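Colleague: I would like to learn how to read helix packing and strand pairing in a model of this kind. Could we take the two topics in turn?

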Amino acid sequence: MRPLLDVMLVPALLAALAVTGTVSHAPEDQGPDSTSFIDRVLEMVREAPSWKHPPGELDVSLVRELIEQGILSAHPASWAVPYPEERAD
Amino acid sequence: MATDTVQCLLCPHCCVIRVRERGVCGVRANLDGELVSLVYGRPVAVHVDPVEKKPLYHFMPGTATFSIATAGCNLGCRFCQNWEISQAAPEDVPPYDLPPEAAVEEALRSGCDSIAFTYTEPIVFYEYMLDTAKLAREAGLASIMVTAGYINEGPLRELAQWIDAANVDLKGMTDAYYREMCYGTLEPVQRTLRILQELGVWLEVTNLVVPGWNDDEEDLRSLSEWVAGELGEDVPVHFSRFMPMYQLTELPPTPARTLAGAREISLEAGSRYVYVGNVVVENGSLTRCHNCGADLIRRDLFEVTMSRISASGHCPDCGASIPGVWGTGGTEER
């Protein structure tokens, strides 16, 4: 799975850039406008949706195939406990 | 009554993971009711680096470290410098086949003095790191962990026995910053720093200074006072320059003057060894004796160009003990 960024944040950034007319990285040590530029970018980022995947579905058949091929491992993980049924629901 | 659902207690997310799901880290998956690591012995990045690149400036300077990382991370920093692998699922990045035994053999063959678990977040490949670190110690290699420190106390205490040095990324000093920027929280990171120090792991701290996010004087002073006050004046601090990356490509790089200012604030707060990384700042990578001010180690990028610290870790001019792990290095000019 790829980060949600690819589909959500980049278009937001591009749209905002179209408004500001900025097309390249802002130069270091900018002049008086730098604060407002940064503020605009920060505002965009803050308004962007959550970007990190929550615990997510696995393509089990793909993963099993990759494990069989030795590309991925299936090493027992430590620090894991069964989760009670009544709480799982 | 138990089901096939499991809960991972490795890190503070404590993911509840149903069958055919994975945790936030992307690499710990529930297959038929058993939690497995998909990345054990499967690093996606393998390099020989100078230890200064981690950065560790007071730990075996001038030595090479065998550096490995798997895919995955339990945080989601918007500024991540290695996001192509840290935020990727393991099935999307072709890995090497490098079990712990082979990692140690390769490290020795490469002439390295240590193995570094780095680049992404080594906590997510916990079992691989732990087994490799145990073998490394048997082979006379040190183990280094470069981490954001987002781990629960039990696993950390088990792991820390086998780790010789750590650079912990303290990303900011507010919970809001961690939640908004990093998909995490602050308190577990502070706990990790305290525990590593308590257990005698050599510790250095890095703070990435991001324009507009954590770069005002109050932020920097708060962080500096916490490090000097809680961890002590001998813990080296690295202020690192942000470069436009991942989700913050339209922010400017951190101005050099901001980093120089951060260094001054940290020195004022009491830290005795404060450095600036990713950019050249006057004295930003120079180690000076805290007692007499003599130049002890000069660096050019990641290369040690001069070292005058004695093998026992003392200033040759005044005899002060310099905090760090100095290994077999002797007094020399290069």
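Colleague: Which residues in helix 4 of chain B meet which residues in helix 6 of chain B?

Modeller: Bear in mind that this is a predicted model. From helix 4 of chain B, Glu153(B), Leu156(B), Arg157(B) and Ala160(B) take part, and they meet Arg191(B), Thr192(B), Ile195(B), Leu196(B) and Glu198(B) in helix 6 of chain B.

Colleague: At what angle do helix 4 and helix 6 of chain B pack, and how far apart are their axes?

Modeller: Helix 4 (residues 153-160) and helix 6 (residues 187-198) of chain B pack at about 30 degrees, and their axes lie 10 Å apart. Because angles under 35 degrees count as roughly parallel, helix 4 of chain B is described as roughly parallel to helix 6 of chain B. The crossing of these two helices of chain B is right-handed.

Colleague: Turning to strands, are the residues on the two faces of strand 8 of chain B buried or exposed?

Modeller: In a regular strand, side chains alternate between the two faces of the sheet. In strand 8 (residues 114-117) of chain B, Ser114(B) and Ala116(B) lie on one side, Ile115(B) and Phe117(B) lie on the other, and all of them are buried, so that both faces are covered.

Colleague: Which strand does strand 7 of chain B join, and by how many bridges?

Modeller: Strand 7 (residues 64-69) of chain B runs parallel to strand 8 of chain B and is joined to it by four bridges, with Ala116(B) as the bridge partner of Ser67(B). Strand 8 of chain B also pairs in the parallel sense with strand 9 (residues 142-147) of chain B, over four bridges, and there Ser114(B) has Ala142(B) as its bridge partner.

Terms used:
Residues numbered from 1 in each chain as written. Chains lettered and ligands numbered in written order. Predicted model: local features only at pLDDT ≥ 70, side-chain atom pairs only at ≥ 80, totals over all residues. Heavy atoms only, no water. Axes fitted to C-alpha atoms, helices over the stretch in contact; angles between N-to-C directions. Parallel < 35°, antiparallel > 145°, perpendicular 65-115°, else oblique. Left-handed = near helix turned anticlockwise from the far one by under 90°. Contact = heavy atoms within 4.5 Å. Buried < 20%, exposed > 50% of the residue type's maximum accessible area, 1.4 Å probe, protein only. Pairing = 2+ DSSP bridges.
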